[in-house]
Structures are given as structure tokens and as C-alpha cells.
Amino acid sequence: MNFKKNESSQKLRGAYYTPADLADFLASWVSVKNPDRILEPSCGDGVFFEGIARHVGDAEVQAFEIDGVEAKKAYQRAKTSGLSNVRINDKDFLGWAYWAMKQKSERFAAVVGNPPFVRYQYLPPLFQDLAGRIFRELDCKFTKHTNAWVPFILASMALLKRGGRLAMVVPAEIIHVTHAQSLRSYLGCECSRLIVVDPEELWFEGTLQGAVILLAEKKSSSRSRGEGLGIYPVRGREFLKTAPEEIFRTPHSINGKTVEGKWTRALLNQSTRSLLDELEYRDDVHRFDDIAEVNVGIVTGANKFFLIDDETVRHYKLKKWAHPMFGRSEHCPGVIYDEMQHEENAAKGKPTNFVWFQDTSVEKNKLGQSYIELGEDQDFHKRYKCRIRTPWYSVPSVYSTEIGMLKRSHDTPRLILNRLNAFTTDTAYRVRSSVGTAEQLVYAFTNGLTALSAELEGRHYGGGVLELVPSEIERLLLPLPTKIKPDVGDLDKAVRTMPAELVLESQSKKVLGSLGLSNSDQAELLSGWRKLRNRRHRVPEAA
Ligand SMILES: C[S@@+](CC[C@H](N)C(=O)[O-])C[C@H]1O[C@@H](n2cnc3c(N)ncnc32)[C@H](O)[C@@H]1O
């Protein structure tokens with residue numbers, strides 16, 4: 001967990017400035033509409049003003065910048081760029097935007113910018129409150145998982161005239177994060193066409209956060225039909241030589257569920273999307289929650305205290321309370337967690353034991369008592385989850401399931417057959433199969449269709465690790481063939497020894513092949529998965 005006090009002021013302001021060539025490109029795209037009034041909601045040192053002056057001319061510009069020093073620099077830049085009608089407000093944009101939305105008086109023909117990236121918890125209480133109000137004003141579902149850039153875009157779009165253009169550099173997570181769903185839906189409703197320019201590389205040095213360009217044209221009438229969303233993948237800066245209007249018109253745009261949900265589907269070819277639509281309605285392909293149940297693992301509140309290695313168990317004589325557990329990918333390199341794997345982990349000194357004190361009997365034991373005191377010396381008993389229970393060291397909701405699943409994965413998620421009935425902490429989920437056996441579920445889960453649907457449903461952050469939360473797992477597409485005998489031992493060996501791509505290929509043959517899916521359909525799904533996995537890992541596509 002990161003804490004606000006440890007973050008740099010640059011990070012707390014979300015101040016990563018746009019390279020001049022990209023700002024110029026965005027200004028050039030909005031200039032096609034000859035905008036007379038332009039909004040820059042968070043102008044930093046004013047990089048967009050140069051582009052506005054070059055492409056639009058001396059338009060009226062309303063800008064905001066919360067940092068007074070940067071606002072002054074921006075003002076100078078506007079002047080030297082030749083803009084004479086620029087107003088730079090060195091105050092918060094959200095407060096003004098909320099007022100302007102209520103007044104319904106301010107409207108802009110264009111918006112350009114790059115909104116701040118600041119987590120909701122790091123925003124001052126006043127901005128948190130304003131963010132919530134902006135969502136509500138637009139009838140958008142609000143969540144405290146939001147980030148400053150979301151209400152910035154919502155408000156900017158709300159203040160745009162019908163037929164106007166919004167061009168912004170925005171976090172790449174706009175495509176998939178759950179907390180931006182109401183923004184995606186709002187844009188889908190309000191815009192006649194949406195294009196995301198999606199670069200292979202990171203545009204901002206020193207951040208892990210990818211960025212994309214959002215080109216959004218507002219509908220000329222609220223009743224007209226939108227064309228939907230298109231994605232324009234780019235590598236390097238070559239695309240800047242193409243006219244922005246051409247880039248805006250080139251991608252085939254997609255409507256319907258692609259725009260309504262996560263936009264990740266738009267990254268796939270038309271043929272892959274049609275195949276997915278077709279498979280979704282087959283009787284032998286299920287949504288995960290139709291055939292299994294997923295729940296979070298054990299929440300200890302202090303993993304350092306409750307998850308310990310054999311040596312600590314021995315030292316404090318805690319054997320009576322120690323139970324096998326796993327929770328990290330290095331604990332389970334295959335798809336079976338058994339005695340042998342457990343021994344191997346223990347021999348490497350990994351924290352393979354979960355200490356479960358169901359009552360206060362541990363205090364009667366001298367060494368046990370000293371272990372509890374050790375935890376209290378380190379203030380574990382003051383942690384939220386610990387202090388709300390009595391005794392603080394008695395963890396609730398302790399049970400194991402036949403199947404486990406790690407929250408995060410590098411290539412593709414997999415289910416783990418828990419032959420040892422080991423416990424799992426909150427880095428893993430507890431899964432129960434409701435149709436078929438645990439073996440069948442674990443075996444069938446590894447295939448190209450489920451891997452692709454995990455890329456579509458899941459989320460990833462800087463670093464490229466795929467993460468799935470229970471509601472996303474519940475939506476995964478899972479084939480459940482009844483004709484094949486699941487050889488989990490064979491799959492386990494393959495996962496441990498072969499690259500993920502080859503495992504998926506051979507499993508697809510067995511699992512999807514037994515549903516009658518042709519080799520070319522299997523290849524289509526694998527290629528869709530590879531495309532999204534590579535994008536997540538930032539591996540260049542083969543030219
Ligand atoms: C990502 S930077 C972009 C700056 C500039 N638009 C660019 O593209 O180079 C975001 C800017 O938003 C400013 N900012 C942060 N919170 C703000 C707020 N509530 N109102 C106005 N500006 C804000 C930051 O100080 C920072 O300069």
C-alpha cells in the first residue's frame with residue numbers, strides 16, 4: 001500500500017506534461033471545426049497553447065491550472081505563442097466545472113488537454129466531494145476507486161457544445177478499468193465517434209502508466225445514433241506525419257457491447273469478435289458463475305504475522321496451530337498443489353504455514369504467548385482487520401476449497417487443484433465447482449477461449465500483470481467438454497515445463513477441439529489472446 005505522505009508533489013498533482021508533438025497533433029485535430037472557444041482544464045505550463053495558436057489561430061481559450069507557478073509559465077507561453085484571448089485561472093477546474101454545468105451557461109467548441117492522474121484517496125476532501133457531484137450531475141455511477149482524470153473528462157465532455165471535439169491524452173487504463181465504466185458509457189452515449197490512438201510504447205518517462213490519445217466528437221443532436229469506438233494502434237511517432245483527420249476516420253468503429261463494456265474488445269479483429277459472440281451462445285460454453293463459485297481467500301489482516309516458514313513454527317512451537325497454505329505464483333508453478341509441492345516450498349524456506357488460533361489456548365503455552373507478544377510489539381494487533389476481532393489473532397472465515405486461483409498472473413490465469421486442502425490467503429481465490437468435478441474444471445480452464453476472455457474481462461496496471469477480481473472471474477467464458485477425461489497430471493507437467501503459448505495451444509486442441517471447434521477457430525482465439533497479452537506486456541507486434 002502506498003501512502004499519500006510518501007508521494008512526490010509531482011505525483012500528487014498528476015503533473016506529467018504532454019510532449020509538444022503530441023499536443024500539436026491534438027490541437028490540429030480539433031482545428032478542423034474552427035473552434036471559437038477552447039477549454040484546457042489543467043494546462044500545466046501551457047504546451048497546448050502553441051498548437052492552438054499554430055492550427056486554430058487566436059481563439060478564446062479558457063484554461064485552469066491549480067499550481068500558481070505553472071499557471072504563470074502557461075500565461076507567458078500563451079503570450080509568446082500569439083494568443084491574445086487566453087484566460088488562465090490558477091484554481092481548481094472541478095469546482096468551476098461543477099458550477100458551469102449547473103449554470104448550463106458555459107459551452108466550448110473544443111477541449112484539449114491531459115487531465116491529472118491522481119488517485120481518489122489522494123485528492124483533498126473538497127475535490128473528492130466535487131468529483132462525486134460531477135458524476136451525480138451526469139447520472140453516472142460514482143465509485144471511490146475513481147481517479148481525478150475521470151471527473152475531468154466527464155466535466156469537459158459535459159461542457160462541450162454539440163458537434164464539438166475533445167482531444168486529450170488520457171491514461172491507457174480508460175480502455176479497461178472498472179472504475180471508468182460510467183465514463184465509457186457516458187462517452188458512448190454522448191459521442192458520434194470515438195477514436196483511441198493506442199501506442200505500443202510508454203509516452204511518459206518515469207511512469208509505468210501507459211497513455212493513449214482520446215479523440216471524441218460530440219453528437220450534433222442527442223437523438224442521433226453514434227458510430228461507436230475505433231482503436232488506432234501506433235508504434236513510434238510515425239503516425240504524427242499522417243493528418244489527424246485521416247487517423248480519426250480510418251478505424252472501423254464498433255458499436256453495441258464493445259462500447260457499453262470494457263473497450264478491450266475493440267482491440268480485436270472483427271473475425272475474433274464475431275467468433276466470441278458465436279461461442280458465447282453455445283450450450284457447452286458457460287459463464288464461470290454458471291458452473292462455479294469464486295470467493296476471496298482468507299483475509300488475515302497481517303500476513304507477515306500469520307504466514308510463516310517452518311523455522312518460525314519450530315522456534316515458537318506452533319505446530320499445533322500451523323496449517324499448509326499457498327498464495328503466490330512461486331508457491332504453485334503448476335496446476336496441482338500437493339504434498340510434494342508443499343514440501344518443496346517449505347524446504348526453500350517459504351512461508352508455507354498459516355497459523356490459525358481459533359481461541360486463546362495459545363496464550364497458555366509459554367512460547368505461543370511470546371509469539372503473540374512479538375506480534376503486538378510490531379503493532380499487528382492495531383491493524384484494522386485485527387483490532388475489530390477478539391482475540392485479535394483469531395482469523396475468521398477460515399476454510400479451504402478443492403480449487404484455488406491466484407489473483408494475478410503473468411501470461412494467463414490458471415486454476416489450481418488443491419489436493420492438500422491447503423488454505424489460501426487474499427492473494428488467491430477459493431473456487432468451488434458446481435457442475436462437474438474439480439478436475440474437469442481445472443483442466444478445462446486452460447484453453448485459448450478462457451485465456452482470451454480473461455484478457456477482456458481483467459485489468460492490468462503498470463508492469464503488465466493481469467489481475468482479475470471475483471466479478472470479472474464470474475464473467476469468464478469457459479468450455480466444459482463432457483467427452484474428454486481430464487488429465488490434470490499431464491496439464492500440470494506441461495504448465496511447469498512449457499511456454500504458456502504452447503500449453504494453451506495444446507489444451508485448446510484437446511478442450512476446444514472436443515467441442516468441435518476447428519483448428520482455424522482455435523488459432524483465431526489464440527491470436528486474439530496473444531495480441532492482448534503482448535499489448536499488456538508491451539511486447540511489439542510482429543511487423
Ligand atoms: C498531466 S498534467 C498536464 C498538463 C498539461 N495539460 C500538459 O498536457 O502538459 C496535469 C496538470 O493538472 C494540474 N491539476 C491538478 N489538479 C488540478 C485541478 N484540480 N484543477 C486544475 N488543474 C489541476 C496539475 O498541476 C498538472 O499541471
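How much space lies in the second largest pocket? In this predicted model, the second largest pocket holds about 780 Å³ of space. Its lining comprises 39 residues, and those closest to its centre are Asp198, Pro199, Pro233, Leu267 and Arg535. Several elements contribute at least two lining residues each: strand S6 (191-199), strand S8 (229-234), helix H11 (270-280) and helix H23 (519-537). Helix H23 provides the largest share of this lining, with 5 residues. By residue type, the lining of the second largest pocket splits into 15 nonpolar, 13 polar and 11 charged residues.

Rolling a probe the size of a water molecule over the atoms shows where empty space is left. Across the whole structure, 2 cavities of 30 Å³ or more are found. The largest cavity contains about 70 Å³ of space. The residues lining the largest cavity are His176, Thr264, Leu267, Glu455, Gly458, His460, Leu466, Leu532, Arg535 and Arg536. The lining of the largest cavity consists of 3 nonpolar, 4 polar and 3 charged residues.

The second largest cavity has a volume of about 30 Å³. Gln440, Tyr443, Ala444, Pro481, Ile484, Lys485 and Pro486 form its lining. Of these residues, 5 are nonpolar, 1 is polar and 1 is charged.

Elsewhere, aromatic residues gather into a group. Phe305, Phe306, Tyr316, Trp321, Phe357, Tyr371, Phe380, Trp392 and Tyr393 make up one aromatic cluster.

Rings also face charged groups. The charged end of Arg136 sits over the ring of Phe142, at 5.9 Å from the ring centre. In a second case, the charged end of Arg193 sits over the ring of Phe248, at 5.5 Å from the ring centre.

Sheet architecture was considered last. Strands of a sheet pair through backbone hydrogen bonds, either parallel or antiparallel. Here, 5 strands build an open sheet with mixed pairing, in the order S10-S19-S15-S17-S13. Strand S10 (292-296) and strand S13 (336-337) stand at the edges. Each has a single partner strand, so one side of each is left without a neighbour in the sheet. Within the sheet, strand S15 (residues 403-406) and strand S17 (residues 415-418) run antiparallel and are joined by 3 bridges. In this pairing, Ile403 stands opposite Leu417 in S17.

Note on methods
Residues numbered from 1 in each chain as written. Predicted model: local features only at pLDDT ≥ 70, side-chain atom pairs only at ≥ 80, totals over all residues. Heavy atoms only, no water. Phe/Tyr/Trp six-rings, centres within 6.5 Å; stacked < 30°, edge-to-face > 60°. Lys NZ or Arg CZ within 6 Å of the ring centre and 35° of its normal. 1 Å grid on protein atoms, 1.4 Å probe; cavity = no way out; pocket = protein on both sides within 12 Å on 5 of 7 lines; lining within 4 Å. Points joined across faces, edges and corners; volume = space filled by probe spheres on them. Helix = DSSP H or I, 4+ residues; strand = E, 2+ residues; numbered from the N terminus. Nonpolar A, V, L, I, M, F, W, Y, C, P; charged D, E, K, R; others polar. Pairing = 2+ DSSP bridges.
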